[in-house]
Amino acid sequence: MMKKDVIQVALLGLGTVGNGVYKVMKLQEPEMARKLGAVLKIKRILVRDLEKAAKKVDDPSVLTNDWQEIIQDDSIDIVIEVMGGLEPAGTYIKEALRAGKNVVTANKDLIAVRGGELLDAAADHQVDLLFEAAVAGGIPIINPLKNSLSANYISEVMGIVNGTTNFILSKMTEEGMDYSQALAIATELGYAEADPTADVEGHDAGRKMAIMASIAFHSRVTFQDVYTEGITKITEQDIAYAKELGWVIKLLGVVKNTPEGVEARVHPMLLPKSHPLATVSGSYNAVFVHGDAVDDVMFYGRGAGEMPTASAVMGDVFEVAKNIACGITGSTHCGCYKKLPIKKIDDIVSRYFLRMEVEDKPGVLATVASVLGNNSVSIAQVVQKATSGDDAEIVVITDRVRERHLKDALLTFEHMSIIKSVSALIRVYG
Ligand code: NAP
Ligand code: HSE
């Protein structure tokens with residue numbers, strides 16, 4: 001094998017993360033040769049708008065809007081995909097792997113749906129496919145799950161894995177900021193996806209949980225297997241009640257390997273203020289992992305943004321470069337050797353926060369309690385406040401109950417005239 005002094009790289013996309021990758025590549029230049037035994041050089045950058053991109057790079061001659069110039073260039077060893085989306089990113093990655101090029105990507109949309117297939121293609125062609133940046137931005141979590149923690153039976157991964165929604169909820173809770181204003185700032189700071197619906201509806205977090213579950217449990221969990229609920233229904237009232245009761249509302253991802261199957265879900269959750277995740281604020285993310293040997297481990301850091309994400313991307317690029325130097329690319333195969341069933345959301349067991357508007361008259365509270373009781377839902381706490389006119393607002397915190405039973409109780413409420421509406425249903429930690 002001929003040792004390479006220069007490893008040629010192609011960058012696909014020059015947006016938030018692409019810019020960060022470009023900057024980190026330059027910052028690392030002085031020490032690259034000593035760290036890697038070779039120098040990385042960006043040979044091509046694929047963009048859509050050459051004129052717009054020319055302002056962002058030192059040498060505009062590296063820019064192209066023609067994928068063929070990259071795929072047909074045999075001197076390119078590593079393709080860094082930071083365009084996002086399922087297509088054409090999926091086709092480009094597959095073609096690059098088939099052409100014997102190593103790939104590093106931050107694309108969770110793609111990995112959460114086609115990860116197994118793309119890892120198989122990488123193994124078939126003896127090249128690497130790495131995607132650390134696809135989960136929790138700058139936090140190293142994929143590599144620890146694949147390597148450092150691989151001698152564990154991991155039973156649970158739980159955490160805050162979306163920077164945009166954590167930023168929005170933190171601003172709403174700590175500064176009383178309006179939802180739309182907080183989302184606009186998160187977008188401006190480069191945290192949000194091209195279409196922020198993916199963030200606020202919990203889809204981005206769902207993709208990340210699917211990727212982590214697949215690696216942690218050695219069983220393929222795809223985005224479609226994850227129950228997702230976002231933060232768009234969380235109101236100022238819910239945040240105020242949570243504060244009053246000593247809690248904070250966070251968008252949490254939870255995956256558990258249970259005897260009944262894999263539980264995979266993303267939804268808002270009320271956490272006690274004393275919980276370590278309650279203090280994870282702004283664009284920070286945190287991931288808890290429970291393994292049989294290691295017990296609990298927590299990973300914490302910036303979950304989104306230009307430079308933190310570029311840190312994760314470039315860490316992967318360095319690893320690939322070292323593998324190229326040692327002639328050992330192609331060892332990143334799909335580790336899903338089990339086929340575990342997926343548990344339905346109705347079968348999970350949790351505590352719940354219910355906020356409902358009811359008629360303010362004698363016996364209503366007793367009726368609510370009796371409907372819940374008849375459906376095996378036990379009440380842990382109740383708060384009642386008079387609102388306007390003849391109505392009152394009741395907040396009920398339940399004990400742990402199977403979700404199906406709670407939903408049966410809600411169906412009964414729908415047919416009762418004394419219950420005007422159930423305006424919030426939020427799962428509660430514990
Ligand atoms: P972004 O700012 O929207 O950048 C994407 C760039 O790719 C844009 O400049 C876009 O060009 C370009 N692009 C899209 N399709 C293209 C095509 N067919 N040919 C050439 N260029 C194309 O997005 P980003 O925030 O950098 O995210 C990139 C990826 O990283 C996504 O997969 C995202 O999920 C992931 N990620 C992002 C973060 C973060 O904090 N932002 C963190 C972790 C992972 P135009 O400007 O012309 O649209
Ligand atoms: N939109 C994502 C977030 C980027 O807000 O967490 C990091 O994956």
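**Exercise 1.** Sort the shell around ligand 1 by residue class.

Solution. The model is predicted, so local features need pLDDT of at least 70 and side-chain atom pairs pLDDT 80 or more, while totals for chains, interfaces and linings use all residues. Residues are numbered from 1 along each chain as its sequence is written, chains are lettered from A and ligands numbered from 1 in the order in which they are written, and side-chain values use heavy atoms, without hydrogens and water.

Step 1: 22 residues surround ligand 1, where near means a heavy atom within 4 Å. The closest are Val17, Arg48, Lys52, Glu193 and Gly305.

Step 2: the classes are ten nonpolar, eight polar and four charged. Ala, Val, Leu, Ile, Met, Phe, Trp, Tyr, Cys and Pro count as nonpolar, Asp, Glu, Lys and Arg as charged, and the others, Gly among them, as polar.

**Exercise 2.** Which atoms of Thr16, Val17 and Glu193 lie by an oxygen atom of ligand 1?

Solution. A polar contact is a pair of N or O atoms within 3.5 Å.

Step 1: a backbone N or O atom of Thr16 is 3.0 Å away, and one of Val17 2.8 Å.

Step 2: Glu193 uses a polar side-chain atom, at 2.6 Å.

**Exercise 3.** Describe the polar contacts and the class make-up around ligand 2.

Solution.

Step 1: a nitrogen atom of ligand 2 lies 2.7 Å from a polar backbone atom of Tyr191. A polar side-chain atom of Asp199 is 2.7 Å from a nitrogen atom of the ligand.

Step 2: the side chain of Asn162 has an N or O atom 3.4 Å from an oxygen atom of ligand 2.

Step 3: the shell holds three nonpolar, four polar and five charged residues.

Technical notes
A polar contact is a pair of N or O atoms within 3.5 Å; within protein, one must be able to donate a hydrogen and the other to accept it, and residues adjacent in sequence count only if both atoms are side-chain atoms.
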